[in-house]
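Welcome! Please take a moment to turn the structure around on your screen, and then let us walk through it together.

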Amino acid sequence: MRLLPALIAPFALSACLFSTDEPEPVRLVGETMGTTYSVTVVDMPEGLEAEALHADIEAVLARVNAQMSNWDPNSEVSRFNASTDLGAQPVSAEFAYVMEAANGIHLGSGGVFDVTLAPLIELWGFGPKKPGEPIPTDAEILAALSDVGQLSLLTLAEGPTLKKEKPGVSVNLSAIAKGYGVDEVAALVASKDISRYLVEIGGDLVASGKNAENKPWSIGIEKPDARSKTLQLVLPVENTGMATSGDYRNYFEDDGIRYSHIIDPNTGRPITHKTASVTVLAENAMLADGWATAMLAMGQARGLEAAEALGLAVYFISREGNDFVTASSRAFDSYVEGNK
């Protein structure tokens, strides 16, 4: 599944110095979802071959893509999108699980996280349509908005089933499925009696246990400036999911105006606030992934208020002139302090 480039969370994984009297951690890498993945295992169980684990990881990722990819016309989500049936359509338990999480984030974010945004994403040039084409008119935006509305146009029910209220409604899980893929790989690794590992796909990650130095994993958050490639903050991460969403890799400018790929479903237009990057720590990568996008869409002012109300660990980086300023929720500060 190809993901929007700016939704690939901008992390830099810090290198670890490994002790010479212990086996080196095993690191398995590959490509998936339009980006790369890596799985680092600190203590490989005796009898488990790296090649066998790698093959199992590839199989898990292939299954997730077969369910969630909008770029595979034969995937489960693509078949649902292509259907014009307004009746309740059976969906897999995995698809329903991700949709249920997406609905929770939609409600908690006041509707700014919305998996039915594809018509607006394409209209603004962040899908098949290319940047540089004319800025959409008010009439075009209004027409696209008629097929946007996660809870008003989609109904998830037991079975599980998913029902459309309009035939043109489509589901795009790019802002949450990558995190779900991380969780599925992490579950596989854990099932092999591995307790210390790091699973990462395009920056979304799950860290379990401690690293080879018996310390929390060190994860760097990039400064939201594609030119500098420097770190804003290095976090100690252990037993948590983590994701970052930024607006500085996927945008275009027209007549001096910057248009982000993050679309506000209430207005049908790209966000205009100054928040450039949001990092979220959560119980799993799927929730971190979805909430990072939601918080970026909300912006620091609204997002921080929501994070405090919901007890979410969130770190914001916003533009202020030529500089960046940061803000974080109490839950984020507490997590960092507790993992030093």
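**A guided tour of the fold**

Buried residues make up 55% of the 340 residues in this chain, which you are seeing as a predicted model. The chain holds 9 helices and 18 strands.

Let us begin with an open sheet of 8 strands. Its order is E2-E3-E7-E8-E11-E16-E17-E18, and the pairing is antiparallel. At the edges stand E2 and strand E18 (323-328); each has a single partner strand, so one side of each is left without a neighbour in the sheet. From one strand to the next, the twist averages 15 degrees.

H7 touches E3, E7 and strand E8 (204-208), and its direction makes about 150 degrees with that of E7. H8 lies across E8, strand E11 (240-246), strand E16 (275-282), strand E17 (313-320) and E18, running at about 125 degrees to E16.

Now find helix H1, which covers residues 50-68. This helix of 19 residues reaches 27 Å from its first C-alpha to its last, close to the 27 Å expected at 1.5 Å a residue. Which residues of H1 are buried? They are Leu53, Ile57, Val60, Leu61, Val64, Asn65, Gln67 and Met68. Because they cover an arc of only 165 degrees around the axis, these residues are on the same side of H1. The buried residues of H1 pack against several elements, including strand E2 (26-32), strand E3 (35-41) and helix H7 (177-191).

In the largest nonpolar core, which has 68 residues, Ile57, Phe95, Val171, Leu173, Ile176, Val280 and Met295 touch the most other members. Helix H8 (residues 285-310) gives the largest share of this core, 13 residues. Leaving aside residues up to four places away in sequence, Ile57 touches Leu28, Tyr37, Val39, Val185 and Leu188. Another core lies apart from this one; it has 18 residues, among them Leu198, Ala212, Ile219 and Leu235.

Stay with H8 for a moment, for it is also where Ala306 is placed. Is Ala306 buried or exposed? With a relative accessibility of 12%, below the 20% cut-off, Ala306 counts as buried. Its contacts include Met295 and Met298, not counting residues up to four places away in sequence. Ala306 and Ser329 are 23 residues apart in sequence, and their C-alpha atoms are 9.6 Å apart in space.

Our last stop is another open sheet, formed by 3 strands in the order E4-E6-E5 with antiparallel pairing. Its edge strands are E4 (89-90) and E5, each pairing on one side only. Strand E5 (residues 154-157) and strand E6 (residues 161-164) pair over 4 bridges. Leu154 has Lys164 in E6 as its bridge partner, and Leu156 stands opposite Leu162. The hairpin of E5 and E6 has 3 residues between the strands, and Gly159 takes a positive phi near 140 degrees there. Across E5 and E6 lies helix H3 (residues 93-108), running at about 120 degrees to E5.

Technical notes: Residues are numbered from 1 along each chain as its sequence is written. This is a predicted model: local features need pLDDT of at least 70, side-chain atom pairs count only at pLDDT 80 or more; totals for chains, interfaces and linings use all residues. Side-chain values use heavy atoms; hydrogens and water are left out. Two strands pair if DSSP finds at least two bridges between them. Helices (H or I, at least four residues) and strands (E, at least two) are DSSP runs, numbered from the N terminus. A nonpolar core is a set of buried Ala, Val, Leu, Ile, Met, Phe, Trp, Tyr and Cys residues joined through side-chain atoms within 4.5 Å. Buried means under 20% relative accessible area, exposed over 50%, partly exposed in between (1.4 Å probe, protein chains only). Contact means heavy atoms within 4.5 Å. Axes are lines fitted to C-alpha atoms, for helices over the stretch in contact, and angles run from 0 to 180 degrees between N-to-C directions. The expected span of a helix is 1.5 Å times one less than its number of residues. The arc is that of the directions from the helix axis to the C-beta atoms.
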